[in-house]
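User: Please take me through this model one point at a time. I would like the cut-offs stated along the way.

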Amino acid sequence: MDCIFCKIAQGEIPSATLYEDEDFRVILDVNPASKGHALILPKAHASNLYELPDEAASKALVLAKKMASKMADALDCEGLNLVQNNGELAGQTVFHFHMHLIPRYKDDDVKMGWKPGKLTEETKEELLSILR
Ligand code: AMP
Ligand code: ZN
């Protein structure tokens, strides 16, 4: 399979690595949204969150917490977004599961957000019946 993040995670393609263990590599994003924008890559391929094994999912969030704390200490950031896209429509461009750690600074140029809608009674009941 020709997956660039497999090659990066496994060290076949060089990357600016911030952290590595037997399951993950954390690298700097080549097109950062802000200073310090990093990506958490599992070494074992999973295309997205749905395919990610439970054990890797658990470890990924613990690692995200560790990296986020380190960034909060080491960078002069005032916040941090943890972002994870699944599917092209949701903005996924590399189809190997990854989590973005995006440090946030006052007056940075990071655009993220949505227009808040209104949860109607009807939709709420529908969703509770489908998803609960
Ligand atoms: P996503 O849109 O969630 O799939 O995110 C993919 C991210 O990977 C983007 O932020 C890209 O800038 C980043 N990216 C793509 N290729 C590389 C690479 N070779 N090294 C580091 N980051 C990359
Ligand atoms: Zn891969």
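Analyst: Buried means under 20% relative accessible area, exposed over 50% and partly exposed in between (1.4 Å probe, protein chains only). This is a predicted model: local features need pLDDT of at least 70, side-chain atom pairs count only at pLDDT 80 or more, and totals for chains, interfaces and linings use all residues. Residues are numbered from 1 along each chain as its sequence is written, chains are lettered from A and ligands numbered from 1 in the order written, and side-chain values use heavy atoms without hydrogens or water.

User: What pattern does the protein chain follow along the sequence?

Analyst: The chain has 132 residues, 33% of which count as buried. Its C-alpha trace spans about 50 × 40 × 25 Å along the principal axes. There are 3 helices and 5 strands, these being DSSP runs (H or I, at least four residues; E, at least two) numbered from the N terminus. In sequence order the pattern is α-β-β-β-α-β-β-α.

User: What is the arrangement of the 4 donor atoms around the zinc ion (ligand 2)?

Analyst: The protein donors (N, O or S within 2.8 Å of the metal; 3.2 Å for Na, K and Ca) are Cys3 (SG), Cys6 (SG), His45 (ND1) and His96 (ND1), at 2.1 to 2.3 Å from the zinc ion. Their atoms subtend angles of 104 to 117°, and four donors pass the test if all angles lie between 85 and 135 degrees. The arrangement is therefore tetrahedral.

User: How many residues apart in sequence are the parts that histidine 45 and histidine 96 tie together?

Analyst: The zinc donor residues follow the spacing C-x2-C-x38-H-x50-H. Histidine 45 belongs to the loop between strand 3 (38–42) and helix 2 (54–74), and histidine 96 to the loop between strand 4 (79–83) and strand 5 (99–104). The pair therefore ties together parts whose separation in sequence is 51 residues.

User: Is histidine 96 buried or exposed?

Analyst: Histidine 45, also a zinc donor, has a relative accessible area of 27% and is partly exposed. Histidine 96 has a relative accessibility of 0%. That value makes histidine 96 buried.

User: Which backbone oxygen does the side chain of histidine 98 reach?

Analyst: Histidine 98 sits in the loop between strand 4 and strand 5. Its relative accessibility is 6%, so histidine 98 counts as buried. At 2.7 Å, its side chain reaches the backbone oxygen of histidine 96.

User: How far is an oxygen atom of ligand 1 from a polar side-chain atom of aspartate 29?

Analyst: A polar contact is a pair of N or O atoms within 3.5 Å. A backbone N or O atom of valine 94 lies 3.0 Å from an oxygen atom of ligand 1, and an N or O atom in the side chain of histidine 100 is 2.8 Å from a ligand 1 oxygen. For the side chain of aspartate 29, the distance to a ligand oxygen is 2.5 Å.

User: Which residue stands opposite alanine 38 in strand 5?

Analyst: Strand 3 has 5 of its 5 residues buried, so it is largely enclosed by the rest of the structure. Ala38, Ile40 and Pro42 point one way and Leu39 and Leu41 the other. Strand 3 pairs (at least two DSSP bridges) antiparallel with strand 2 (residues 24–28) over 5 bridges, where leucine 28 stands opposite alanine 38. It also runs antiparallel to strand 5, with 3 bridges, and there the residue opposite alanine 38 is leucine 101.

Note on methods
Tetrahedral: all angles 85-135°; square planar, octahedral: opposite > 155°, others 65-115°. Polar contact = N/O pair within 3.5 Å; in protein donor to acceptor, adjacent residues only side chain to side chain.
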